[in-house]
Amino acid sequence: MSKKNWITLAMAAVLLTLPLAGCGSNNTSNNAAPSATAAAEASAEGSASASPGAAAETFGNPELNIAVFQGGYGRDYWDSVAAEFMKEYPGTKINITASPKIAELVRPKIVAGNPPDFMYISGSDNTPILDGLVKDKALLDLTDVFDSNTEAGTPLKLQILPGVLTSSSIAPYGDGKIYLAPYNFGVMGLWYNKNLFDSKGIATPKTWDELFADNAVAKENDRALFTYQGLYPGYLEEMIVPAIASAGGQEALDQFFNYDPEFWKSETYTKVWGLLEKIATEDNALMKGTVALNHTQSQTSFLQGKSMFIPNGTWFEDEMKDAPREDGFQFGFLGVPSLGADGKVMALTQVEQMVIPAKAKNPELAKAFLKYLYSEKSIKLNAEKAKGVMAVNGAPDLVKEYISETTYNIYKAVDSGMVAVSGSFKPVAKGSKFNASDEVYKPISSIMSKQLTLDEYSAKLYKVYTQIQKELQEQGQQ
């Protein structure tokens, strides 16, 4: 967490109509080779079938170099959509570089002023390079792509889910211009074994009090209450951000994502991080050994019945499709319980991003490729090959045949009243040493291992936020 990411908040309490599966921003595992290059010429048959308008369009440079994160979504989609694009645009050639560690491959090229023409960057180890490009204002303005018309004669921007293009993760500078293009849309929260709950008549908790009360049920069923992807505490974002929204609403979310130091002295902080402390200290609440496990190990332990709940996203089922599990296991999505008595269950939502560097050598062809990704053919390919769903209107029914029933039902649950929360950290100042996500989430490992108190943690984060604010002010960005 895939984590697959995280910039200023654009909280979208919208009812979603779109399912997705795939690897989030925190997840970088993949069984495929770490890097590869795919290039193919359009066939004569493809050229003959291309639309007249596409065939007539020419580019000064017909070769496009793209770099993509190869995580839970794999790379098959990119190979397939590139082949289809080359059929639609005869004479073009797309070279693909794909890797779980894509940042390591593209960073030297970016530094040298020779970046790929198009990039899909995700995975917690990779996203700092994307954050750097945002901070340096080194991305191409894509507003004209979304203002342009589709084949149906309507602007492409009307095809994207409401609120996405105006969010700070897509339009980061507050000027209404789009610099990052939305890719797959994820829903994240807590998961459970549906078969266990159904067969034993266990009610899914609507509040955190109810969830902690389930610890007795967990003991009765020889498992811990909770586990998480120990070496990657960023996964805890998936329950922390909705909990902040539940406890403090929009004001608290703004404080958290916009670096208000007073957040770390607030009642919201005490309530939300108190949940972590309770998980860490209450008997049987945290699965033994969690802090030392990677994401695959903790997720496998959950599937094998060693804990009742785990945070994850809609890529979870496909990513772990070959992992061992307890008899009868069925994926169930809980969302994130309410911190109040109202029982309003929430879920974290996130859109992954695609970009064209400002120094791309072939920006016009890159824009044409980007626009093609939102075609119906591409959207279906993405679901078929990557089990992902793009952040566009009407996608669930369009791709239903390619995604699991569990994934489809998750989005239907959100559509039926589960509150969707979205947000990411505001960019820090250019040249800053701080990575906000790392500063907030990495120390949580020490809280969970009882080596760091909440007071020590909040004091540290108060200083970090104060320094980030100072740097922004010095650069006139605050």
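Contact here means heavy atoms within 4.5 Å. The model is predicted.

## Helix 11 against helix 20

Y269, W273, G274 and E277 in helix 11 meet L454, Y457 and S458 in helix 20. By class, this contact of helix 11 with helix 20 holds four nonpolar, two polar and one charged residues.

Two packed helices are described by the angle between their axes and the distance between the axes. Helix 20 spans residues 454-474. Helix 11 and helix 20 pack at an angle of about 130 degrees. Their axes are 11 Å apart. That angle makes helix 11 oblique to helix 20. The crossing of the two is right-handed.

## Helix 11 against helix 10

Helix 11 (residues 267-281) also packs with helix 10 (residues 237-257). The angle is about 160 degrees, and the axes lie 8 Å apart. Helix 10 is therefore roughly antiparallel to helix 11, because angles over 145 degrees count as such. The crossing of helix 10 and helix 11 is left-handed.

On the helix 10 side, the contact uses M239, I240, A243, I244, A247, G248, A252 and F256. On the helix 11 side, it uses T268, K271, V272, W273, L275, L276 and I279. Sorted by class, the residues of this contact are twelve nonpolar, two polar and one charged. W273 is named in the contact with helix 10, and W273 is also named in the contact with helix 20.

## Strand 6 and F226

F226 sits in strand 6, which covers residues 224-226. Is F226 buried or exposed? F226 counts as buried, because its relative accessibility is 1%.

Leaving aside neighbours within four places in sequence, F226 has a list of contacts. Among them are M239 and I279. M239 belongs to helix 10 and I279 to helix 11, and both take part in the contact of those two helices. F226 also touches L190, L236, A285, L286 and M287.

With a relative accessible area of 43%, K306 is partly exposed.

Which residues does K306 contact, leaving aside its neighbours within four places in sequence? They are R223, A224, M287 and S301.

F226 and K306 are 80 residues apart in sequence, yet 8.8 Å apart in space, C-alpha to C-alpha. L225 and K306 are 81 residues apart in sequence and 8.6 Å apart in space, on the C-alpha atoms.

T290 lies in the loop between helix 11 and helix 12, and helix 12 covers residues 295-303. T290 counts as buried, because its relative accessibility is 1%. A polar atom of the T290 side chain lies 2.7 Å from the backbone oxygen of M287. Setting aside residues within four places in sequence, T290 is in contact with T227, Y228 and G230.

N284 is in the loop between helix 11 and helix 12 too. N284 is not a glycine, although its phi is positive, about 70 degrees. At 24% relative accessibility, N284 counts as partly exposed.

## Two exposed loop residues

K137 is in the loop between helix 5 (127-135) and helix 6 (143-147). Phi of K137 is near 50 degrees, a positive value in a residue other than glycine. K137 counts as exposed, because its relative accessibility is 60%.

Q451 is in the loop between helix 19 (444-448) and helix 20. Its relative accessible area is 64%, so Q451 is exposed. Not counting residues up to four places away in sequence, Q451 touches S446 and E456.

## Helix 14

How many of the ten residues in helix 14 are buried? Seven are, and helix 14 (residues 363-372) is mostly covered. The buried residues are L365, A366, K367, A368, F369, L370 and Y372. K367, a lysine, is one of these buried residues.

Technical notes
Residues are numbered from 1 along each chain as its sequence is written. Side-chain values use heavy atoms; hydrogens and water are left out. Axes are lines fitted to C-alpha atoms, for helices over the stretch in contact, and angles run from 0 to 180 degrees between N-to-C directions. Helices (H or I, at least four residues) and strands (E, at least two) are DSSP runs, numbered from the N terminus. Angles under 35 degrees count as roughly parallel, over 145 as roughly antiparallel, 65 to 115 as roughly perpendicular and the rest as oblique. A crossing is left-handed if the near helix is turned anticlockwise from the far one by less than a right angle, and right-handed if clockwise. Ala, Val, Leu, Ile, Met, Phe, Trp, Tyr, Cys and Pro count as nonpolar, Asp, Glu, Lys and Arg as charged, and the others, Gly among them, as polar. Buried means under 20% relative accessible area, exposed over 50%, partly exposed in between (1.4 Å probe, protein chains only). A polar contact is a pair of N or O atoms within 3.5 Å; within protein, one must be able to donate a hydrogen and the other to accept it, and residues adjacent in sequence count only if both atoms are side-chain atoms.
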